[in-house]
Structure formats: structure tokens, C-alpha cells
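Morning, everyone. I have one chain to walk through today. Please bring it up on your screens.

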Amino acid sequence: MTLKDYLNRNDSFAAAAGARLVEVREGYARAEMTVAATHLNAGGVCQGGALFTLADLALAAVMNSHGRLTLSIESTIAFLRSAVEGDVLTAEAVEAHDHRRIPYCEVKVRNQRGELVCSFTGLAYRKDCDFPAEGLM
């Protein structure tokens with residue numbers, strides 16, 4: 001099973017939120033999610049946790065794209081624009097620093113108009129064991 005399929009099937013929280021990986025390459029991943037009524041907070045806009053989940057799924061794909069089990073140890077997010085019901089969000093993640101133990105990744109989440117909704121960064125810890133997937137796509 002490829003990394004993309006493995007994460008889409010086994011990241012139950014992201015799947016329940018409607019986030020899914022659509023592309024994975026070494027050091028790059030893209031995930032998508034359409035904002036539904038269930039994503040809205042009391043202010044009528046997409047809840048920050050939903051945006052974090054989408055970005056975190058893309059981060060997981062990038063960090064594990066080298067075939068080693070890699071787990072997030074720190075993430076930050078800046079919310080720059082609201083997303084509303086019906087928006088199609090795309091998270092593009094790029095590995096900015098491929099360290100053998102502590103890689104660093106940057107994720108940009110944009111709406112269907114290409115507007116930046118949030119910026120997400122993450123550090124991870126790369127373990128001494130293989131990720132249980134074969135291939136990326």
C-alpha cells in the first residue's frame with residue numbers, strides 16, 4: 001500500500017473531517033478538504049481545528065515520504081483569512097529542511113481562489129524504523 005493510500009485509510013480523524021491526500025512526492029504533499037457545515041464554528045466560519053487537521057495531514061505525508069516513521073513534535077499555525085462553507089481548501093506541504101532526525105516542514109492552505117487561509121509549520125522526529133507503506137502514490 002502506498003503512503004498516500006495508507007494515510008488516507010488509517011488517519012481516521014483526518015478522514016472523518018473530510019481531509020484527504022491527493023498527491024505525495026518525496027518532500028512534497030497536497031491535501032484537500034471542502035468546508036462543510038460540520039466544520040463551522042459559532043462565528044459561522046471554518047473552525048481552526050479543521051484547518052489544523054488538513055495541514056497536519058499534508059505534513060504527515062511529507063515527513064514520512066522518505067520511508068522512515070516520522071512523528072510531529074511541534075506545530076504552529078497562523079490563521080490569516082476565514083474559510084466558509086463550500087470553500088475548497090488545498091494544503092500544500094514542502095519539506096524545508098530534511099534533517100536525518102528533526103525535519104522541518106512548511107504548509108500553506110489556500111482556498112479555491114488561491115487566497116492564503118493559513119500558514120502552518122512543523123518539526124518532527126524521524127525514528128529508526130520504516131514507515132509501513134511501499135511507494136508514495
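Buried means under 20% relative accessible area, exposed means over 50%, and partly exposed is in between. Keep in mind that this is a predicted model.

Now apply that to Tyr 125. Tyr 125 has 36% relative accessibility, so Tyr 125 counts as partly exposed. Tyr 125 sits in strand S6, residues 116-130. On the surface, Tyr 125 forms a nonpolar patch with Ile 73 and Ile 102. Together the three have about 260 Å² of accessible area.

Next, the interior. In soluble globular proteins, nonpolar side chains tend to be buried together. Here, the largest nonpolar core holds 34 residues. Which of them touch the most other members? They are Leu 7, Leu 21, Leu 54, Leu 89, Val 107 and Val 109. Several elements give two or more residues to this core, among them helix H1 (3-10), strand S1 (20-25), strand S2 (28-34) and strand S4 (88-97). Helix H3 (48-63), strand S5 (104-110) and S6 are also on that list. H3 provides the largest share, eleven residues.

Look at Val 107 in particular. Set aside neighbours within four places in sequence. Val 107 then contacts Ala 55, Ala 58 and Leu 59, and also Ala 91, Glu 92 and Ala 93. Cys 118, Ser 119 and Phe 120 complete its list of contacts.

On to the strands. S3, residues 68-79, runs antiparallel to S6, and ten bridges join the two. Within S6, Leu 123 is the residue opposite Glu 74. S5 and S6 are also antiparallel, paired over seven bridges. There, Val 109 stands opposite Cys 118. S5 and S6 form a hairpin, with five residues between them. In the turn, Gly 114 has a positive phi of about 80 degrees.

Stay with S3 for a moment. Thr 76 is found in this strand. Is Thr 76 buried, exposed or partly exposed? Its relative accessibility is 43%, so Thr 76 counts as partly exposed. Leaving out neighbours within four places in sequence, Thr 76 contacts Ser 119, Phe 120 and Thr 121. Ala 37 is 39 residues from Thr 76 along the chain, and their C-alpha atoms are separated by 25 Å.

Last topic, charges. Side chains of opposite charge can pair when their charged atoms come close. The count in this model is eleven salt bridges. Arg 20 pairs with Glu 32, with the closest N and O atoms 3.6 Å apart. That pair links distant parts of the chain: Arg 20 is in S1, Glu 32 is in S2, and twelve residues separate them. Arg 20 counts as partly exposed, because its relative accessibility is 45%.

Arg 30 bridges to Glu 23, and here the closest N and O atoms are 3.0 Å apart. Arg 30 has a relative accessible area of 22%, so Arg 30 is partly exposed. Glu 23 comes in at 17%, so Glu 23 is buried. Which residues make up the salt-bridge network? Arg 20, Glu 23, Arg 25, Arg 30 and Glu 32 are linked in it.

One more pair. Glu 115 and Arg 113 meet in a salt bridge, 3.2 Å from N to O. Glu 115 is partly exposed, because its relative accessible area is 25%. Arg 113 is at 53%, so Arg 113 is exposed.

That's the tour. Questions, please.

Methods: Residues numbered from 1 in each chain as written. Predicted model: local features only at pLDDT ≥ 70, side-chain atom pairs only at ≥ 80, totals over all residues. Heavy atoms only, no water. Patch = residues over 30% accessible without salt bridge, like charges linked within 9 Å, V, L, I, M, F, W, Y side chains within 5 Å. Areas by Shrake-Rupley, 256 points an atom, 1.4 Å probe, with all protein chains shown as cover. Salt bridge = Lys/Arg side-chain N within 4 Å of Asp/Glu carboxyl O. Helix = DSSP H or I, 4+ residues; strand = E, 2+ residues; numbered from the N terminus. Buried < 20%, exposed > 50% of the residue type's maximum accessible area, 1.4 Å probe, protein only. Core = buried A, V, L, I, M, F, W, Y, C linked by side-chain atoms within 4.5 Å. Contact = heavy atoms within 4.5 Å. Pairing = 2+ DSSP bridges.
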